[in-house]
Amino acid sequence: MKTLHKLGLVCLLALLALPLGAAEKIRVLMLDGRNNHDWVRTTASTKATLEATGRFTVTVATAPAAFAKAKPAKPKPGDAAAKKAFDAATKEWNAEEAAFKQAHAAEWEQWSPKFTDYQVIVNNYNGPEWGAAMKDSFTEFVMNGGGLVNVHAANNAFTGWDNFNEMICCGWRGATFAKRIAVDDQTGKAVALLDADEKIQGKGFGSGHGPKHVFTLKTRDAAHPVMQGLPAEWLHATDELYHRMRGTADHMHVLSSSYSKPEFGGTDMHEPMVWFAPFNKGRVVTTSMGHIMAADTSYDALHCVGFQTILARSTEWAATGKVTLPVPEGFPTLDKTSVIEPSKVVWKK
């Protein structure tokens, strides 16, 4: 009996001596494969960020490949011969794309990740709508307590899927979709606006963004576990600042916002940048940060220490309802951005 007690004590001490999260890491499923952004580098960077904390194990589920041939380029107006060639090339392209989709239709039926094997999904998908079975299993996963974190263009997807729209509260949508959502600078709360409430009227009322630039994030809920210990305001490295996202403010809880400056093509209003929503038992966090395109040479948006902190802490909170990850060294200030590749971010002081 004494031997068993000693063995138990040894095992307990061994567990206590393990690094943070080593005993039981959070199981993350990352979804990608289709996106109008560079999903390959977005996945590589966000996966590296999560794994560098020592808190997560990350599995990637990639959607079947899209038809890769580029569409024919439109000719200049007034060139009749070029227009005729363009029309013929477009007809041929459409036929090839249709044949590709038909040949690979079974791959979509087979692409159905087992969500229940994981605690949280990090969503880097913006592409064709999934089949009914996959949508149902995704919905059930979140409803039953699974976490969900949506990164940047992931909130562009699934315009007609009611459950997804409820999960994200607001996203990149057209001018007639639901309500335009902004953040009241006095209260820090999400508010629904009428078109007449827009300070700048001449740019349409659908979602958009100006040119990439450095901008300030303003903490709106300092007591929330994801935000605890972060500065009241800090500079995010060069990124897109989404504005005029549309949806509902009814169950949307803003964690941080940014002022959209008119000189950068903005709205002269505060726009939501990080927010969460309950979905039955599930916790859903969405951030519009994290832009990178195939032609971009800079990783600033993804390697910003502020973005990496929000991503990692949101993923932990969505999965567990708690945050144990500290604010890493080198967090940006109100006066200075901080861009560090994931492998070099120091999470333990």
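Is Trp 161 buried or exposed? I looked this up before anything else. Trp 161 is buried, with a relative accessible area of 5%. I note here that the model is predicted.

**Entry: the chain overall**

The chain holds 8 helices and 15 strands. Its C-alpha trace spans about 90 × 50 × 40 Å along the principal axes. I then checked the radius of gyration. A compact globule of 349 residues would have one near 20 Å, and the chain, at 22 Å, agrees with that. Of the 349 residues, 47% count as buried. I also looked at contacts between residues at least 6 apart in sequence; 71% of these join residues at least 24 apart. The accessible surface comes to about 16600 Å². Carbon and sulfur atoms account for 56% of that surface.

**Entry: aromatic pairs**

I counted ring pairs and got 19. I followed Trp 130 and Phe 158. Their ring centres lie 4.8 Å apart and their planes stand at 65 degrees, so I logged the pair as edge-to-face, the cut-off being over 60 degrees. Where do the two residues sit in the chain? Trp 130 is in the loop between strand E3 (120–123) and helix H5 (132–143). Phe 158 is in the loop between strand E4 (147–151) and helix H6 (162–168). The pair links distant parts of the chain, 28 residues apart.

I checked burial for both. Trp 130 is buried at 4% relative accessible area. Phe 158 has 5% relative accessibility and counts as buried.

Phe 158 also pairs with Trp 161, the residue I opened with. Here the centres are 5.1 Å apart and the planes at 75 degrees, so this pair too is edge-to-face.

I then traced the cluster. Ring pairs link Trp 108, Trp 111, Phe 115, Tyr 125, Trp 130, Phe 138, Phe 141, Phe 158, Trp 161 and Phe 164.

**Entry: charges over rings**

I noted two cases. The charged end of Arg 41 sits over the ring of Tyr 299, 5.2 Å from the ring centre. For Arg 173 the ring is that of Phe 177, and the charged end sits 5.4 Å from its centre.

**Entry: salt bridges**

I counted 15 salt bridges. I started in helix H3 (residues 80–103) with Lys 83 and Asp 87. Their side chains meet at 2.9 Å, N to O. The two are 4 residues apart in the helix, so about one helical turn separates them. Lys 83 is partly exposed at 41% relative accessibility. Asp 87 is partly exposed as well, with 36%.

Glu 97 counts as partly exposed at 21%, whereas Lys 101 is exposed, with a relative accessible area of 52%.

Which residue forms a salt bridge with Lys 135? I found Glu 129, with the closest N and O atoms 2.4 Å apart. Lys 135 is buried, at 15% relative accessible area, because the limit for buried is under 20%. Glu 129 is partly exposed, at 42% relative accessibility.

Salt bridges that share partners join Arg 180, Glu 198, Arg 244 and Glu 271.

Note on methods. Residues numbered from 1 in each chain as written. Predicted model: local features only at pLDDT ≥ 70, side-chain atom pairs only at ≥ 80, totals over all residues. Heavy atoms only, no water. Phe/Tyr/Trp six-rings, centres within 6.5 Å; stacked < 30°, edge-to-face > 60°. Buried < 20%, exposed > 50% of the residue type's maximum accessible area, 1.4 Å probe, protein only. Lys NZ or Arg CZ within 6 Å of the ring centre and 35° of its normal. Rg over C-alpha atoms; globule rule 2.2 N^0.38 Å. Contact = heavy atoms within 4.5 Å. Areas by Shrake-Rupley, 256 points an atom, 1.4 Å probe, with all protein chains shown as cover. Salt bridge = Lys/Arg side-chain N within 4 Å of Asp/Glu carboxyl O.
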